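Hello,

Here is the structure I promised to pass on. My notes on it follow below.

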Amino acid sequence: MRPEDFLPPSVFRLTDNKPFAPQPAQLDASKTRVSLTKSPKPVPPSNAPELSGHNIFTDHMVCARWTASSGWEDPAILPHGPLTIPPSASALHYATACFEGMKAYRGHDGKLRLFRPQYNAARMLASATRVSLPSFDPTQLLHLIRQLCALDAPRWLPASAAGSSLYIRPTLVGTDDSLGFQVPREALLYIIISYWPSPAASGAGLRLWASDCDIVRAWPGGSGSAKVAANYGPSILAHSHARRKGCDQVLWLFGSDGWVTEAGSMNIFVIWRTRQGQLQVVTPGLDDHTILAGVTRQSVLDLVRERLSGVAEVSEQGIEPVEALECTFTIHDIVAAAREERLFGLFAVGTAASVVPVREILFKEERIVIESSQSLYVSLLQGWMADITSGREQSMWTEVVDESSP
């Protein structure tokens, strides 16, 4: 996966088609300095109530500073703690900040796995390019992630914690101390790991509030295809509104026609039958770059196309073949499919929750009820994803972390 795959062509052209800008010194994980904490934190039990706050972090973090004049400094693994940045830092005033979300999974064989991490690394470089932050070699970012996982995972996610995971948050922020509106001349890359509670049963599924057409998450030519901080803060207001209405997430719509885009910070899928009788799994496409190219999203598309689209193979299992499509559709298409009894399921996907069924959509004064939790296709995808990340199924999508040499 290339960084330019995550950038709109119009933006990529502004970089002279070179995501790897020349650097006086490149990011080099082999030069990482390690300073171990002298006060290890207690590891909470997997059912501890405080885990719901997602603010329990492992003992260490990675930090690497960059300046325009000198390039990347040697990375360091340090005890987890506060950052020091100037009050005029570019990230605080102009949102020059991007990040990634990924997990380390403890398999049932005791091994620690990353799931398609090259996608996250390439997407982070694309996001950095979108907000004029320094470039880096994605493979070096992956080396730093492996080093931190190898150091902290044995204690925070031991072999006895099979089926559990740690959440990894690589972040890059502009730390330029100038209030001038300009490309940051200083930046900080850091990686932290959050202790993640064991996944809870999804129950009946999510309830979504379909946003008003004048409240949008992203738009053509914007930054919707990049994982940048500026995409998230403005969406919290609508999320709070959805919660007040008794919903879990916002179903983001765009334009007067109500084009479906995302569900909260997750990608959305619909299972329906066309009026011509074709059973389909559809998700919004990436062409307009209003959608984040999710790793779980791509994995679901790959699984449907590989395992559920072949007529002969699927029919032998008593399952109707289904076609996977990336296309544009509206909330009105969903409403029509529900009224005509052609709607067989909705589900949202993302790193944090994997595959989650949607049971209801609140759109204006109408409630669209979907029996997604009863969908065979949703349960199959949930099971396949869990088997791959846990190591029950050997897959090229996972990478085993060597924990013997942090």
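**A buried aspartate and its surroundings**

D176 touches S88, A89, S90, Q182, V183, P184, R185 and E186, leaving aside residues up to four places away in sequence; contact here means heavy atoms within 4.5 Å. Please keep in mind that this is a predicted model, where local features need pLDDT of at least 70, side-chain atom pairs count only at pLDDT 80 or more, and totals for chains, interfaces and linings use all residues. Residues are numbered from 1 along each chain as its sequence is written, and side-chain values use heavy atoms, with hydrogens and water left out.

D176 sits in the loop between β8 (165-174) and β9 (186-196); strands are DSSP E runs of at least two residues and helices H or I runs of at least four, numbered from the N terminus. D176 is buried, meaning under 20% relative accessible area, with exposed over 50% and partly exposed in between (1.4 Å probe, protein chains only). Even so, D176 has no salt bridge (a side-chain nitrogen of Lys or Arg within 4 Å of a carboxyl oxygen of Asp or Glu). The nearest side chain of opposite charge, R185, is 5.5 Å away, where Lys and Arg count as positive and Asp and Glu as negative, while His and the chain ends are not counted. The D176 side chain does reach the backbone nitrogen of R185, at 2.7 Å.

Two backbone angles may also interest you. A95, in the loop between α2 and β5 (97-99), has a positive phi near 55 degrees without being a glycine, and A95 is partly exposed at 25% relative accessibility. R116, in the loop between β7 (112-115) and α3 (117-130), has a positive phi of about 45 degrees; R116 is buried, at 6%.

Best wishes

Terms used
A polar contact is a pair of N or O atoms within 3.5 Å; within protein, one must be able to donate a hydrogen and the other to accept it, and residues adjacent in sequence count only if both atoms are side-chain atoms.
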